[in-house]
Amino acid sequence: MNYHQYYPIDVVNGPGTRCTLFVSGCLHQCRGCYNQSTWRVDSGQPFTQTIENQIIADLKDHSIKRQGLSLSGGDPLHPHNIPTILQLVQRVREECPDKDIWLWTGYIFNQLSEIQREVVNYLHVLVDGKFEQALYDPSLIWRGSHNQVIHYLR
């Protein structure tokens, strides 16, 4: 898996102060997407064990109170990303049980594949649905268009 950005301190992508990872790869390619540079799976840089370890260390760092991890992109549930994302969310749940995990995807919750659902089992919140430019509303919190749904899972 590749990623474009990792922010150890983020206050935009979910509640509280968070760690946020923007992965590469998106099949949806929504018109009006603000993150088109993340569409290709080979864009960005390789997600390494070093980056994964840094995310865990940042989540455990008590000098900054972080509420959790946010996963966006691209699309974390892109088939190419699933093995690495699954490993990451499993590790976060095991090593940082007091942190929540949010994930944004263009896929629809009730249409997810079995392996995508396996990732969702480790999430606290899933924001689903493609960005629809005709339904864009800048006043929405944690989503870009009215068709996108915030699923509180835990």
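Student: Where is the place of Trp 142?
Tutor: Trp 142 is in the loop between strand E6 (125-128) and strand E7 (149-152). Helices (H or I, at least four residues) and strands (E, at least two) are DSSP runs, numbered from the N terminus. This is a predicted model, in which local features need pLDDT of at least 70, side-chain atom pairs count only at pLDDT 80 or more, and totals for chains, interfaces and linings use all residues. Residues are numbered from 1 along each chain as its sequence is written, and side-chain values use heavy atoms, with hydrogens and water left out.

Student: What is the phi of Trp 142?
Tutor: Trp 142 has a positive phi of about 65°, although it is not a glycine. Most residues other than glycine have a negative phi.

Student: And how accessible is Trp 142?
Tutor: Its relative accessibility is 27%, so Trp 142 counts as partly exposed. Buried means under 20% relative accessible area, exposed means over 50%, and partly exposed lies in between (1.4 Å probe, protein chains only).

Student: Changing topic: at what angle do H1 and H2 cross?
Tutor: The axes of helix H1 (residues 49-60) and helix H2 (residues 82-95) cross at roughly 30° and come within 11 Å. Axes are lines fitted to C-alpha atoms, for helices over the stretch in contact, and angles run from 0 to 180 degrees between N-to-C directions. H1 and H2 are therefore roughly parallel to each other; angles under 35 degrees count as roughly parallel, over 145 as roughly antiparallel, 65 to 115 as roughly perpendicular and the rest as oblique.

Student: Which residues make the contact?
Tutor: From H1 they are Gln 49, Glu 52, Asn 53, Ile 55, Ile 56, Leu 59 and Lys 60, and from H2 they are Gln 87, Leu 88, Arg 91, Val 92 and Glu 95. Contact means heavy atoms within 4.5 Å. Five of the residues in the contact of H1 with H2 are nonpolar, three are polar and four are charged. Ala, Val, Leu, Ile, Met, Phe, Trp, Tyr, Cys and Pro count as nonpolar, Asp, Glu, Lys and Arg as charged, and the others, Gly among them, as polar.

Student: Is Ile 56 buried or exposed?
Tutor: Ile 56 counts as buried, because its relative accessibility is 3%. Not counting residues up to four places away in sequence, Ile 56 touches Arg 91, Val 92, Glu 95 and Cys 96.

Student: Which residues of H2 are buried?
Tutor: They are Ile 82, Thr 84, Ile 85, Leu 86, Leu 88, Val 89, Arg 91 and Val 92. The buried residues of H2 pack against H1, strand E2 (18-23), strand E4 (68-72), strand E5 (100-104) and helix H3 (114-120).

Student: Lastly, what does Ile 9 touch?
Tutor: Ile 9, in strand E1 (residues 2-10), touches Thr 17, Arg 18, Ile 64 and Arg 66, not counting residues up to four places away in sequence. Ile 9 is partly exposed, with a relative accessible area of 49%. Thr 17 lies in the loop between E1 and E2, and its C-alpha is separated by 7.4 Å from that of Gly 68, 51 residues apart along the chain.
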